[in-house]
Amino acid sequence: MGSTSEIKKGLTIEFNNDIYSIVEFLHVKPGKGSAFVRTKLKSVTTGRVLENTFPSGAKIDIVRVERRQYQYLYREADSFIMMDTENYDQIPIDAAKVANPQFMKENDIVEILFNTDKEDQVLLVEPPATVIMEVTYTEPGIKGDTATNTLKPAIVEGGAEVRVPLFISIGDKVKINTEDGTYMERAKG
């Protein structure tokens, strides 16, 4: 149990029967009335973002969360099999706890968030911030299509659809932001 004076960016709290990470916060002391803390919270389990205002000095439930590096091995039915890179233990993780699985490739290093207060309960699996994937299908580009910022749909090797510039063609490797699924740049090599 803590109070609003301990709020900082990245702190994980239990709020409304879910676990949230604090994305932004601002201590406000108006000229009239009592002080409060305005926060932007992101759900660790669903990714939903909400804004909430806590009165200054209010009690909050702080959750101890640990991030560990695991290697994604393969998918089996409704589970993803992950391997601890330190001791090589393999654990199955429910597919519902994996964020953006369409951007994960076998052997990728992912981060798993564990709730250390509840016997290492898995909260969420996060893919790397950016990935490089090969385009498996897209409409052909036309020479000279680099002048505009027009985008077209493309299917990448994980099966995800990404909007890419017109000059990208099948077989090109593209860098993708896994948080929102947007094209960043054409990958070298």
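Predicted model: local features only at pLDDT ≥ 70, side-chain atom pairs only at ≥ 80, totals over all residues.
I take two strands as paired if DSSP finds at least two bridges between them.

**Entry 1**

I looked up β15 (residues 173-177) and β16 (residues 182-186), and they pair in the antiparallel sense over four bridges. I picked out N177, whose bridge partner in β16 is T182.

I then stopped at T178, which sits in the loop between β15 and β16. Is T178 buried or exposed? Its relative accessibility is 4%, so I put T178 down as buried. What does T178 touch, once residues up to four places away in sequence are left out? My list reads N100, F103, P127, P128, A129, T130 and V131.

**Entry 2: the whole chain**

I stepped back to take in the chain, and I counted 16 strands and zero helices. The radius of gyration is 21 Å, well over the 16 Å that the globule rule gives for 189 residues, so I describe the chain as more spread out than a compact globule. Along its principal axes, the C-alpha trace spans about 65 × 45 × 25 Å.

I also wrote down some totals. Of the 189 residues, 37% are buried. The accessible surface comes to about 11,300 Å², and carbon and sulfur atoms hold 48% of that. Among contacts with a separation of 6 or more, I find that 45% are between residues 24 or more positions apart.

**Entry 3: the six-stranded sheet**

Next I traced an open sheet of six strands, which I read in the order β1-β6-β2-β3-β4-β5, with antiparallel pairing. Which strands stand at the edges? They are β1 (2-3) and β5 (49-55); each has a single partner strand, so one side of each is left without a neighbour in the sheet.

S3 has K59 in β6 as its bridge partner.

**Entry 4: F15 and the aromatic pairs**

I stayed in this sheet for F15, which lies in β2 (residues 12-15). Its relative accessibility is 17%; the cut-off for buried is under 20%, and F15 therefore counts as buried. Which residues is F15 in contact with, leaving aside neighbours within four places in sequence? I wrote down Y20, L41, L50, N52 and F54. I also looked up the spacing from F15 to T4: they are eleven residues apart in sequence and 13 Å apart in space, C-alpha to C-alpha.

Then I searched the whole structure for aromatic pairs and got four. In one of them, the rings of F15 and Y20 have centres 6.1 Å apart and planes at 70°, so I call this pair edge-to-face. Y20 is buried, as F15 is. Y72 and F80 give me another pair, a tilted one, at 5.6 Å centre to centre with 55° between the planes. Both Y72 and F80 are buried too. I also noted that ring pairs link F15, Y20 and F54 into a cluster.

**Entry 5: the five-stranded sheet**

My last stop was an open sheet of five strands, in the order β9-β8-β7-β10-β11, again with antiparallel pairing. Its edges are β9 (90-94) and β11 (121-126); each has a single partner strand, so one side of each lacks a neighbour in the sheet. From one strand to the next, I find that the twist averages 45°.

Five bridges join β8 (residues 79-84) to β9, and the two run antiparallel. M82 has I91 as its bridge partner in β9. What do β8 and β9 form together? I see a hairpin with five residues between the strands, and Y88 in the turn has a positive phi of about 65°.

Definitions and conventions: Residues numbered from 1 in each chain as written. Heavy atoms only, no water. Axes fitted to C-alpha atoms, helices over the stretch in contact; angles between N-to-C directions. Rg over C-alpha atoms; globule rule 2.2 N^0.38 Å. Buried < 20%, exposed > 50% of the residue type's maximum accessible area, 1.4 Å probe, protein only. Contact = heavy atoms within 4.5 Å. Areas by Shrake-Rupley, 256 points an atom, 1.4 Å probe, with all protein chains shown as cover. Phe/Tyr/Trp six-rings, centres within 6.5 Å; stacked < 30°, edge-to-face > 60°.
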